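Q: I am new to this structure and would like a short tour. Could we begin with the domains and then turn to the sheets and chain contacts?

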Amino acid sequence: MEASSSFNRNRSKLMNSEKIFRYLLIGSGVLIVLIAIGIVTTLFIGSIPSFKEFGFGFIYSTDWNPTQGRESYGALPFIIGTLVTSVLALLITFPFAFSISLFLGEYFKNGKLPSFLRSVIDLLAGIPSVVYGLWGFYALRPIITDLGLNAQGFGIFTSSIILAIMIIPYASSLGSEVISMVPGSLKEAAYSLGATRFEVVKTVIIPNAGSGIFAGYILALGRAIGETMAVTMLIGNSNKIPTGIFDLGNTMASLIANQFGEADGLKYTSLVEIGLLLFVITGIVNYIGKLIMKKLSA
Amino acid sequence: MNTSAQISNAKLNRRLLKDKLFTYAIIFLAFLSSVPLFLILFELIKKGYKQINISFFYKVAPDTMEAMVAVKNNEIIPGGIANGIVGTLIIVGMASLIAIPVGIICGMYLAENSKGKFAGVVRFIVDMLQGVPSIVLGVIGYIWVVKPITAGFSSLAGSVALSIMMLPSIVRSTEETLKMIPGTLKEAALSLGVPYHKTMLRVVLPSGISGILTGVILGISRIAGETAPLMLTALGSAAISTDITEPSSAIPLLVWEFYNDPNLVDMIWSASLFLLILILCLNLTAKAIAKRWKVQY
Amino acid sequence: MESTVLEKKEVEAEVKAQPYKVNNMMQNPIEKIESPILNIDKLSVSYGGDKYSINDVSAGIAKNKITAIMGPSGCGKSTLLRAINRMHELYPDTHNKGSVYLGEEDIYKMNPILLRRKIGMVFQRPNPFPTMSIYDNVIAGYLLNGIKLKRKEKDEIVEKSLREVGLWSEVKDSLHNKGTFLSGGQQQRLCIARALAYTPEIILLDEPTSALDPIATAKIEDLLVKLKKDFTIVLVTHNMSQAARISDYSMFMYLGELVEYGKTKQMFTMPKDKRTEEYLTGKFG
């Protein structure tokens, strides 16, 4: 009697922990979904007052005027600043990231040299943004000034160079992975026809690995768009639309970083709306990147 | 006959030359990319090493006046970054406390439901969360915690922002690792009448420990150097702060403060150097664990 | 690949064309087992949809005997074995008809966890727990189920189980090394020890020697014959001569159907069903 009841108790305890565990598993998934929904709704709700005031004009207005009584906020200079800086960064990164991808994925797969290069790239990815900013400020800026590109050495171009260095790891890693996965039989076929290695790269590797390499660049672009500290320290933080790549500018992320602390009222909700726009833009860019990757694996 | 052979020879030589130039260009550009790393390291070590002494680790950051006097007398600036170290430990520690259990359980859920519809949604969202800019998470930390919960800037708010930031990498590394573990292991445990939860927690999870730990440590190293979200949440503090509802400093926040204060500029190098060494150690630990603790099936 | 598919089809066509001859017309091809320990009753198992991997299988399993399940690949022999301790339920969407009785109890009404403690299983590939020592692997059933044992009891169980599988003398000095460093055959014996240590009533083995070399295979076969005095053994095998060597009863399955079941000697010398005969003489499989 007694034994059987204790057995049943154990059994129901067992069933309970089984159930609890399964709920925990699903619960963690639900929590992730809730966090995402929470982020989106929080940003939406936070931007409502600004949206009520400026409507869609917020996106294409060029004003950023916090003067009391004449307050007016628009996001265009920052959207342009963000896109120009990060696209320029991507263009600067391209030859380097592509070379690294080829170097690690095709030319030198194993050995000491490539593993050295791999560690260097891992380390580049590990350097904090604020340290990149410092280095840009103290080491890169004087060079820009000496070249006469900008009087103080600040601006879009300076930020883009630093961003380009920062995203090298992201732009090159996916590329080297897909390049190394190009089937050897295809390459052998080309070699057997007398192709040089350069021609194999051109006619076999790039067509086969191209979309994967491209996906890597898109994801790196997403990184660059959201990067904050290094850009804040170098871009000059001017709230006007930049007139050229050597001009000063500002990005959405660094605007938030600079002004959020002391903001309230209309300025605060405008900054939240900038955050929402930034969230949407990076979301779209990353989604496109993932989409290409998914097509690749399918 | 002779001329056509010459032409094709010349053509071949041109092709071979092109090939050679391309190879050299690849090697040159690939290694040129590593130059900034060494320039940065060199700069940090050159300018930062003399500031790092014992008091650097137990004294709080100096105020502007102290620093100004020291600089005028051509002395080393007194003080250290203890408030930053303690702040980073608390903020990153709390973020890990939130993110690690959720991340590992969620990774397990995804690995166990590779085809489920809801799992697909969760996987998509994790991917998207990975791309959210850190500054946006700072805004979220501010709205979720600073305003309603701690009624002011706080290290808790910073932890919440950073925990969301490190979550995706833990989830994905756990999922990837667990997927690699042979299903026969799970079968073996279940066939012994071991309940599902114990099978997962005591057989499957320990078998993947190296991969999961590596993911966790890389997640920590990713957030340890974050500045932007902390500017909106933890704000910074001149004193060592252990109250999680109060503003707190962190090493990257100190770097930012030193950068903005002309008198303290000499401190940025040592603080950055320390931060970089910390992150470097985390990365090396992650690598060592991935290698050393790898479980052989 | 193609030729085997073709062969199968040919055989199927042949089977359909001429209703099988019964060599011994007096006897049903499915032998009835007196007082079985396990009784499979009209069991059908599907992995989803209307397609059943095994169909309407009825058979009793004799206590303290070795029963071999044979048949060409895809015939459902592994499914039948897994259905006995409900391991097939690990795949989503499985459903089944019919029942299996362990003594008086329907196993599909039992808690699968408790059922599996009574019916142990050994798998095709050796799968010792990689994070555990040899010692812990043997008592893994107790450890993982949170059953507290005294040090002495543990030592006794480990030694007894390892002796039973003939591994004791080989590993007694390295009990605290990881089990994954043993050879394949040793690993498989360790897995059998792990199943034994928990003193189940029945041990199921799913092609336990298919990943092993002939010497390791012979050791396991000797071991199984020795073990049947304490346990009931059900063994899926791809290898006819293995079934002939060690089993007391044999089942022949084909296309999800239990074609013939009886004493191994009889089945190998005088099969009652034409399909069994064809399989045993190597016409397909």
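**Domains, strands and contacts**

A: Chain A is divided into domain 1 (2–54) and domain 2 (72–297). Please keep in mind that this is a predicted model.

Q: How many Å apart are the C-alpha centres of domain 1 and domain 2 of chain A?

A: Those centres of domain 1 and domain 2 of chain A lie 36 Å apart. The contact between these two domains takes nine residues from domain 1 of chain A and nine residues from domain 2 of chain A.

Q: And which classes of residue does domain 1 of chain A bring to the side that touches domain 2 of chain A?

A: On that side of domain 1 of chain A there are five nonpolar residues, three polar and one charged.

Q: What about the domain assignment of chain B?

A: In chain B, the assignment gives domain 1 (1–33) and domain 2 (83–292). The C-alpha centres of domain 1 and domain 2 of chain B lie 49 Å apart.

Q: Now the chains themselves: how many residues do chain A and chain B give to their contact?

A: Chain B gives 64 residues and chain A gives 60 residues. Helix α1 (residues 2–32) of chain B supplies eleven residues, the largest share of the side of chain B that touches chain A. By class, that side of chain B has 47 nonpolar, eleven polar and six charged residues.

Q: Let us switch to chain C. What is the strand order in its open sheet of four strands?

A: The order is β2-β1-β4-β5 in chain C, and the pairing is antiparallel.

Q: Why do β2 and β5 of chain C each have one side without a neighbour in the sheet?

A: β2 (52–61) and β5 (105–106) of chain C stand at the edges and each has a single partner strand, so one side of each is left without a neighbour in the sheet. Strand β1 (residues 38–46) of chain C pairs with β2(C) in the antiparallel sense over six bridges. Within this pair, I40(C) stands opposite A59(C) in β2(C).

Q: And how do β9 and β10 of chain C pair?

A: Strand β9 (residues 249–254) of chain C and β10(C) are antiparallel, with six bridges. S250(C) has G262(C) in β10(C) as its bridge partner. The hairpin of β9(C) and β10(C) has two residues between the strands, and L255(C) takes a positive phi near 50 degrees there.

Q: Why is strand β10 of chain C described as largely enclosed?

A: Five of the seven residues of β10 (residues 257–263) of chain C are buried, so this strand is largely enclosed by the rest of the structure.

Note on methods:
Residues are numbered from 1 along each chain as its sequence is written. Chains are lettered from A and ligands numbered from 1 in the order in which they are written. This is a predicted model: local features need pLDDT of at least 70, side-chain atom pairs count only at pLDDT 80 or more; totals for chains, interfaces and linings use all residues. Two residues are in contact if their C-beta atoms, placed from the backbone, lie within 7 Å. Ala, Val, Leu, Ile, Met, Phe, Trp, Tyr, Cys and Pro count as nonpolar, Asp, Glu, Lys and Arg as charged, and the others, Gly among them, as polar. A residue is buried if 20 or more other C-beta atoms lie within 10 Å of its own, exposed if 12 or fewer, and partly exposed in between; C-beta atoms are placed from the backbone. Two strands pair if DSSP finds at least two bridges between them. Domain bounds come from an automatic or database domain assignment.
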